[in-house]
Each structure stands twice: as C-alpha cells, then as structure tokens.
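The sequence and the structure are shown first.

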Amino acid sequence: MHQPHKHYIEALDDSLFVKVTEEFGKTFDTKEFDNLLKLDSYTKQEAEKVTEMISEFSDIVCEHLQCEIEKLVELYERF
C-alpha cells in the first residue's frame, strides 16, 4: 500500500518533528501511530483511527509551519 503521509513525515526537519511529536503525544499514543503507519492493510477500526491521527498530526504540523513562516517573513522584512 502506498502511504505518502509517511514520506511527508520523513521530510520534516528533526527539530520540527520533535516539537510536533511532543504536542501530538499529549493526545495520541505516538507508538500506536507509528505501528499503524507501518501496516500494509487496515481493519475498518484501524483505518478510522489512523485517519484521525494523520489529520491531527497534519494540523499540528501546519500550525508549527505557519508559525515558522511568520517568523521568517518578519525577519525577511527587517532586511
């Protein structure tokens, strides 16, 4: 099964990954998420769970990226 979300997660730099994972871990079990991402096929319950987890993880990533972008824009505008 092709799982592009795994590649997106791997594309995050280490610092951002740690921040996002720590925040995500406050709500979800990160080990369970990792195990679900490694599966080749899913039961209906697993599919629903991993979909919810991917959505939440993505939301957290987007929030952190938006914050970083705003910081960079502010810095850019100073020069």
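## Contacts of Phe 57

Phe 57 is in contact with Ile 9, Leu 12, Phe 17, Val 20, Thr 21, Phe 24 and Phe 33, when neighbours within four places in sequence are left aside; contact means heavy atoms within 4.5 Å.

The model is predicted: local features need pLDDT of at least 70 and side-chain atom pairs pLDDT 80 or more, whereas totals for chains, interfaces and linings use all residues. Residues are numbered from 1 along each chain as its sequence is written, and side-chain values use heavy atoms, without hydrogens and water.

## Nonpolar core

Phe 57 is also one of the five residues that touch the most other members of the largest nonpolar core, together with Val 20, Phe 24, Phe 33 and Met 53; this core has 14 residues. A nonpolar core is a set of buried (under 20% relative accessible area, 1.4 Å probe, protein chains only) Ala, Val, Leu, Ile, Met, Phe, Trp, Tyr and Cys residues joined through side-chain atoms within 4.5 Å.

## Largest pocket

Among the residues lining the largest pocket are Phe 57, Ile 9, Phe 17, Thr 21, Phe 24 and Phe 33. A pocket is an open set of points on a 1 Å grid where a 1.4 Å probe fits, with protein on both sides within 12 Å along at least five of seven lines; lining residues have an atom within 4 Å of a point.

## His 64

His 64 is buried, with a relative accessible area of 19%. Beyond neighbours within four places in sequence, His 64 is in contact with Leu 16, Lys 19, Val 20 and Glu 23.

Notes:
Buried < 20%, exposed > 50% of the residue type's maximum accessible area, 1.4 Å probe, protein only.
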